[in-house]
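Thanks for passing this one along. Here are my notes, written to be read beside the model.

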Amino acid sequence: MQLSNLPSICLHRDQENSVLFFSASFPNCIMENLMNPAHIFSNVLNPCDFRLSWISLGVTAALVMAFSHILLMTYGPLVIAELRVKLGNMPRLPPGSMGIPFWGESLDYLKSWSNPQNPDVWYDIRRAQHGKFFKTHILGSPTVVMLGPEANKFILINENKLFDNSWPQSVKVLIGDQALIMSSGARHKRLRRVIRSVLDQETLKKNVGKIEKIVLQHFNSNWNSNGHVIRAFDQIEDLVLCVAADYLMGLKPGEALEGFKRAFLDFGPGVLSHPLDLPWTVFGKAKRARASLLSQIHAQIQNRLKLQNRNGIAMDSEKTRNVYGEDNFLDMILSARESEESSDFRLSDEEIADNMLALLSAGQDTTASALATIVKYLCITPHVLKKLRQEWKNLSGAECEKVREQKNAGESLRWEEIKGIEYLSKVVSEGLRIVAPVNGGFKSAKTDIFYGGYTIPKGWKVHYSMRQTQNKGEYFENPEEFDPERFDKRREPFCFIPFGQGNRMCPGNEFARIEIEVFLYHLVLRYDWELVEPEELVNMYFIPRPLHGLPLLLKPPAP
């Protein structure tokens, strides 16, 4: 078939540069057939020409139908919203662009995260063009982006009133419908109570020693201080997964845990990606990794059930702790879900698996990212490290003195002891601020919402960003500097929300903080370190991570 017998399609952009239109041109052979039925009949005498003409027409029809579907999917919500706004005499839609067919502005959005000079360039360009409030089409959905503390507050305090919890399709598919992050209303409250029961302060206070034991074992096995270079991010990521897997599932180091580590390599990058489900895409690989992870979690559920049945454990969480000698989320849920007194704990295997996957994923990636940032900046700012060490050695306060007097030699850390180091808490907060482990969140408008002189159409996604407040000079002076003492000052509400706010605050925030603090406590006392690559860049895609794994030269601490 000659290429000249095929149709051509052209794209055109309107004057406001927000909507694309298309036109198709057809070869003469097709137009002649369409306009002259006699010509079609005469082609029976020439079957070859007849077939070529109608094949060309078929190709044209298929292309036009496919392209029309893509246009409708990308721009249909905008056209409908514009009509509703005009007919309903409502404020206009926010300024902005819906991008190109199918992809919208997703490609630029995702690409900007890998920009070594400015990972926020996508936001900065549109903020300069449109302000802090603009429309776009990202990750498969029409979206209104709202930036700044006021927008953060408006979105977060109005959940269940004006907004529903809503995430891009990739997050829904990969994290799972049964996870806390996907739930709302009464179901969200129930799941939150269950998860908080294992991750709240009172439970964590009893488990500081357990976390410390895993940290020390990992240091002794993998952190050689005799002038060796280690890829610190890889070691930290491995450590935090060991802590989370043990604390949440009772999973010890071994082949099963190694299987988790391998699957997470493909799972993480796909969580926030365009949901193009093909075997070679990031999303497609992540879906296969999810299947592997769920299979391993279900196997662990069966293993713990068999162990419970073999030991005849009563359905009582206190007796569970006595038998296992520890608290872990999975054993407590499995032992309590049949109890008449614990109806909240009656989770199905699917609910357990989805929530376990969500907690393990968040516990590994975000905590490792925050720790890598703090380790790097403690090396860049030696005066901060010096002050931190000094506070360690001169730990004061009546409660801390009492704890130290009660402890035996070699006894593990206690909650009051680690929390008594106030400067440590500021160091952790500054690490979470300067490179936010999570960029932001998504909601969905339950109804037409009027805000800032614009209309947010019902059903559209709404996106807010932590980094767009935590790294801006209008909210934090000299935001590029690592300065823990900035947290001595009062700051505008909702400009620092690394774990979210309100009923959507991350239920594992206390767990993440104590894990980070215990790690830093021992790192600072046991080692000195140098950055092998001081200018190493950070890839901000989904979860920030050093491009080369944060290589460090470890040394014994100076006397």
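1. Before the details, some ground rules. The model is predicted, with local features needing pLDDT of at least 70 and side-chain atom pairs counting only at pLDDT 80 or more, while totals for chains, interfaces and linings use all residues. Numbering starts from 1 along each chain as its sequence is written, and side-chain values use heavy atoms, leaving out hydrogens and water.

2. Have a look at the open sheet of three strands, ordered β6-β14-β11 with antiparallel pairing. Because β6 (229–231) and β11 (528–531) each have a single partner strand, they stand at the edges, and one side of each is left without a neighbour in the sheet. Neighbouring strands here are turned by 35 degrees against each other on average, direction ignored. Strands are DSSP runs of E with at least two residues, helices are runs of H or I with at least four, and both are numbered from the N terminus; two strands pair if DSSP finds at least two bridges between them.

3. Three bridges join β6 to the antiparallel strand β14 (residues 551–555), and Ile-230 stands opposite Leu-552 in β14. Helix α11 (residues 232–249) lies across β6 and β14, at about 55 degrees to β6. Contact means heavy atoms within 4.5 Å; axes are lines fitted to C-alpha atoms, for helices over the stretch in contact, with angles from 0 to 180 degrees between N-to-C directions.

4. On to charges: there are 22 salt bridges, each a side-chain nitrogen of Lys or Arg within 4 Å of a carboxyl oxygen of Asp or Glu. One of them joins Arg-126 and Glu-105 at 3.1 Å, N to O. This pair links distant parts of the chain, with Arg-126 in helix α5 (residues 121–130) and Glu-105 in the loop between α3 (47–87) and α4 (106–112), 21 residues apart. Both Arg-126 and Glu-105 are buried, which here means under 20% relative accessible area, with exposed over 50% and partly exposed in between (1.4 Å probe, protein chains only).

5. Arg-545 and Asp-365 also meet in a salt bridge, at 4.0 Å, N to O. Arg-545 belongs to strand β13 (residues 545–546) and Asp-365 to helix α16 (residues 349–380), so the pair ties together parts 180 residues apart in sequence. Arg-545 is partly exposed at 31% relative accessibility, whereas Asp-365 is buried at 7%.

6. Finally, Glu-430 and Arg-433 form a salt bridge at 2.8 Å, N to O, and both are buried. They are three residues apart in helix α20 (residues 422–434), so about one helical turn separates them.
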